[in-house]
Amino acid sequence: MTCLRYLLFSSLILSCHIASAAEPPPREVLIADLLGRMRLEEKIGQLRLISIGGEMTRERIREEIAAGRIGGTFNSVTRQDNRPMQEAALRSRLGIPLFFAYDVIHGHRTTFPIGLGLASSWDLDAIERSARIAALEASADGLDMTFAPSLDISRDPRWGRVSESFGEDPQLVSLIAARMVRGLQGTKPNDPQRIMASIKHFALYGAVEGGRDYNVVDMSALRMYQDYLPPYRAALEAGAGGVMVALNAINGVPASANAWLLRDLLRREWGFRGVVLSDHGAISELMRHGVAANGREAVRLAINAGVGMSMADDLYLEELPGLVRDGEVDEARIDEAVAAVLGAKYDLGLFHDPFLRIGRAADDPAEVNAESRLHRAAARAIARDALVLLENKGDTLPLRKGGRIALIGPLADSPVDMLGSWSASGRAEQAVTLRQGMQAALGERGKLLYARGANVTDDARVVEYLNRLNWDRPEVEQDPRSPQAMLEEALRVASQADVIVAAVGESRGMSHESSSRTRLDLPDSQQALLRALKATGKPLVLVLMNGRPLALGWEQANADAILETWYSGIEGGHAIAEVLFGEHNPAGKLPISFPRSVGQIPSHYNHLRLGRPYREGSPGNYTSQYFEAANGPLYPFGYGLSYSRFELSAPKLSATRMRAGEKIEVRATLSNAGPRAGSSVVQLYLHDEVASVIRPVKELKDFRRVKLQAGETREVRFEIDESMLRFFDANLRHVSEPGAFRVQLGLDSAQVREARFELLPPD
Ligand code: BGC
């Protein structure tokens, strides 16, 4: 290992560092010792998180690091890039190591399905495995931390970042949160093959008004505690090391200046001691929010509120020294933030070995994108289960191998769109498109004909917007032919086929940060294509690729089958082909409701009870509904078909009364009445009939993903205890209240069978 000047632990050690030779002192001793010896400028340096690849040259960055003016970096993703920076850090006066972070959101080199896709699997083991592999690959590239998972409850599909989320349900997202953290961090953060999770975006980012990115959030405390905060908390309880602060304001105060959020709730109430990061440039945005007149005020607000590190923002560096000197910021605030940064580095094992994940130069991979570094089998398996079958009229699917299939659509052969947004170090060249996947599955059997049919959109403004989203190449490549010429080609191809598979949806940038939409339908170019294909009278199968729920009224009425594939990752093409040809029986279930139209938003299943609810089958006057459209979502939360026919019995309870400390067992039988093996998800919802505050019509509490052979029947069991009946009351106490509860069991949230029990008051 390189011999480095490595000054640590005691004021006089100047030693030649040999990895793993020097055991650092206990965590708190080391932090206190360093804090005692750090100059104010060095402390402030630890709070600076810079993006590599910005305006500063690499050389300048190394100088800044060696001067003790940088605490961590993000956006450099190879060991070769990170090693010289770490060496520079060890040359600084106190030799405090850097950490290296990156947005590893749904895979690193291996791209897995986007968050909504992962959540559609309802397979917590698989989700954890995806995070574990992401950590393995990221750590092998010298990374220590990811800005993930995104735990923003998302109920407004207009918001582009819905794609990064795990959907609308507090319980499902909380369960996923804990497993993502476990997958990323493992059981000890200093594991060289794991990375630290910095959860985001704290808090309530998914609730931006109108689904417009960066917009404000106004929300009652009750709704926050009940619905939006649980996933963040679950991740912290699972040990997440970091928290990224959201860009939005909450009830009038930007999250980055929100002392209630960061001090009272996060630190005091939840006891979080880890590192708190701002989002990109968020501290200077306090001026644009209009809560700070200048940079100095912005910094005072942020540090006093509890923002530890400032991301891609030099204001801490510029303003903190003066603020401390003038007594406007207590140095104790800075010490507290620095202690958290040092603590994270300690936990990551970097004081023990600053090169823990960077490793030795001799072991660097010759080619970072080598095929051998990918985890294709896992990506394929996880992608298969992320697919949700929305329609399958007359058993159109699975397709027969052997016939002639027309594959048409702008997303049928678009590698970059397989990846989805925030695909970290995923490479489009390594993604299997649907065309490739179907061709490989067919081999010599049958014929796959292809035509692009349309561009994703013909709206030049939208194309220009998408191509400015800052990726390393244009996002959308327009076919220069006229729409008419493309359509004619598509119809020619379709005329030679027995069945049409149309791959349509959104290009990945349409579901991204700052990609909010006012419409949820397919762009006009694709709607015109679908209508023309429908007019051929051939069976029409839609393969959707999109990062948000879409309004699919026409498609539901006119397509013979619809498969929701989200953005399914580098192995997506193979996985989708397996489902289309029936080698895999789809089992995905929606983690978010699909509204019928934009006007219906919000349309989440777990809405509160009302004084004048709409009743199915009634005209609806003077009830809560929209009179020109059918009520309820087009596809509800928890919904997804299978090639099998699953039948679920009514729930049977072991008792109809229970006291705190006791349990009720719920049993039901699930049968696979279809002709093939398959999996389904049995979902347990509860409803509190009368309580001191209004309770949702149903809330997911538990689920079982069950695999059954054709003709097999199995008993499914759940346990209900008093803790599952708790909710936040008007005083924000987490309580259960005696009274009647309904158990609602179903294979989706809309069609449930019920049983009742009573929670008795304590003796
Ligand atoms: C996003 C974060 C991301 C950060 C760093 C911001 O624009 O809001 O989600 O982690 O950039 O890339």
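Ala 406 stands opposite Ile 500, a residue of strand S16. Before I go on, please note that this is a predicted model, in which local features need pLDDT of at least 70 and side-chain atom pairs count only at pLDDT 80 or more, while totals for chains, interfaces and linings use all residues. Residues are numbered from 1 along each chain as its sequence is written, and side-chain values use heavy atoms, with hydrogens and water left out.

Let me stay with strand S16, residues 499-505. Helices (H or I, at least four residues) and strands (E, at least two) are DSSP runs, numbered from the N terminus. Two strands are said to pair if DSSP finds at least two bridges between them. Strand S14, residues 404-408, runs parallel to S16 and is joined to it by four bridges. S16 is also joined to strand S17, residues 540-545, by six bridges, and these two strands again run parallel. Within S17, Val 543 is the bridge partner of Ala 503.

How is the path from S16 to S17 arranged? Together with helix H20, residues 524-535, the two strands make a right-handed β-α-β unit. Right-handed here means that, with the strands pointing away from the viewer, the path from the first strand over the helix to the second runs clockwise.

Is S16 buried or exposed? Seven of its seven residues are buried, so the strand is largely enclosed by the rest of the structure. The cut-offs are under 20% relative accessible area for buried, over 50% for exposed, and partly exposed in between, with a 1.4 Å probe and protein chains only. In a regular strand the side chains alternate between the two faces of the sheet. In S16 both faces are covered: Val 499, Val 501, Ala 503 and Gly 505 are buried on one side, and Ile 500, Ala 502 and Val 504 on the other.

I turn now to the domains. The chain is divided into domain 1, 381-600, and domain 2, 646-759, with bounds that come from an automatic or database domain assignment. Their C-alpha centres lie 35 Å apart. Seven residues of domain 1 are in contact with nine of domain 2, contact being heavy atoms within 4.5 Å. Between them the domains bury about 570 Å², 42% of it on carbon and sulfur atoms. On the domain 1 side, Asn 585, Ala 587 and Lys 589 lose the most area to domain 2, together 74% of what that side buries. Buried area is the accessible area (1.4 Å probe) that two parts lose on being put together, summed over both.

One salt bridge is counted between the domains. The term requires a side-chain nitrogen of Lys or Arg within 4 Å of a carboxyl oxygen of Asp or Glu. Arg 705 and Asp 385 form a salt bridge with their closest N and O atoms 3.2 Å apart. This pair links distant parts of the chain, 320 residues apart: Arg 705 is in strand S24, and Asp 385 is in the loop between helix H15 and strand S13. Arg 705 is partly exposed at 26% relative accessible area, whereas Asp 385 is buried at 15%.

By this rule the count comes to 65 salt bridges. Among them, Arg 109 and Asp 141 meet at 2.7 Å, N to O. Arg 109 counts as buried at 5% relative accessibility, and Asp 141 counts as buried at 0%. Finally, Arg 48, Arg 60, Glu 63, Glu 64, Arg 69 and Asp 314 are linked in a network of salt bridges.
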